[in-house]
Amino acid sequence: LDITEKVQIELIRREFSSNVSHELKTPLTIILGMAEMINSGIAKSEDIKDFSYNIIAESNRLIHLIDDIMMLSELDEGNRLKKYEEINIISLIEEIFESLSQSASKLSINMEIIKNEVSIYANFQLIYEMLFNILENAIKYNKPNGKVLVKVFKYKNKTKIHISDTGIGIPTDYLDRIFERFFRVDKSHSKKIGGTGLGLSIVKNIVEYHKGSIEVRSKEGIGSDFIIVLPNNLIS
């Protein structure tokens, strides 16, 4: 059993290294190619602005990718300081709604939260990252004039956060794989809207870091539901 587990871990490590190399090399190749064209004088003066825009966009993509990899590494190694504080979940979600309001308005997405004052003791930065990633996806993969609904409520000594959307949904065959690192259901769509392919993997790691659970229900073409259950209080 130990040998099988070690082999599986080694395969996962190799696949992850291969994916990281590919994801890093692609934007770097674009940046290098455009920079060389500008430096050599091949690029026309009217093209410089577009080249600069693409270089900035690909550079930002690299920075986001590296940030996500570093966060996953910290969570994997348990190096993240267990600094817990009281977090008002409703206020936090409203703050994220505000940050995503421009993206939502482009698709005329209606964002709604059923208010039920709930506070938990957790790592603020990680909980923010977790909710932001799910809500951002709920907008990105939604349909024009769609809806994102968040319900938050307590039961016993736990808090349940239910995020539903009316988006494109996830095929049943892929539901077990969406938390894998760099896994994308629709690579062409994912590339078009951006993202590193690590968002949901980070979400799962953050939930597990807080000793919680996450469940996903989805129907292709109808929408998705993410249900997160977290303890109200963790002893650091």
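**Close-up 1. Two aromatic pairs are found in this predicted model.** Let us start with the rings. One of the pairs joins Tyr128 and Phe132, whose rings are stacked. Their centres lie 5.9 Å apart, with 15° between the planes. Tyr128 and Phe132 are four residues apart in helix α4, so about one helical turn separates them.

**Close-up 2. Phe124, Tyr128 and Phe132 form a cluster of rings.** Here the view takes in Phe124 as well, and ring pairs are what link these three residues.

**Close-up 3. Helix α4 crosses helix α6.** Now we turn to the helices themselves. Helix α4 covers residues 124-140 and helix α6 covers residues 199-209; their axes come within 9 Å and cross at roughly 140°. The crossing of α4 past α6 is left-handed. On the α4 side, the contact is made by Leu126, Ile127, Glu129, Met130, Asn133, Ile134 and Asn137. From α6 come Gly199, Leu200, Ile202, Val203, Ile206, Val207 and Tyr209. Sorted by type, the residues of this contact are 10 nonpolar, three polar and one charged.

**Close-up 4. Asn54 sits in helix α2.** Our last stop is another helix. Helix α2 spans residues 48-77, and Asn54 has its place there. With a relative accessible area of 29%, Asn54 is partly exposed. Met34 also belongs in this view: Asn54 and Met34 are 20 residues apart along the chain, and 8.4 Å separates their C-alpha atoms.

Terms used. Residues numbered from 1 in each chain as written. Predicted model: local features only at pLDDT ≥ 70, side-chain atom pairs only at ≥ 80, totals over all residues. Heavy atoms only, no water. Axes fitted to C-alpha atoms, helices over the stretch in contact; angles between N-to-C directions. Helix = DSSP H or I, 4+ residues; strand = E, 2+ residues; numbered from the N terminus. Left-handed = near helix turned anticlockwise from the far one by under 90°. Contact = heavy atoms within 4.5 Å. Nonpolar A, V, L, I, M, F, W, Y, C, P; charged D, E, K, R; others polar. Phe/Tyr/Trp six-rings, centres within 6.5 Å; stacked < 30°, edge-to-face > 60°. Buried < 20%, exposed > 50% of the residue type's maximum accessible area, 1.4 Å probe, protein only.
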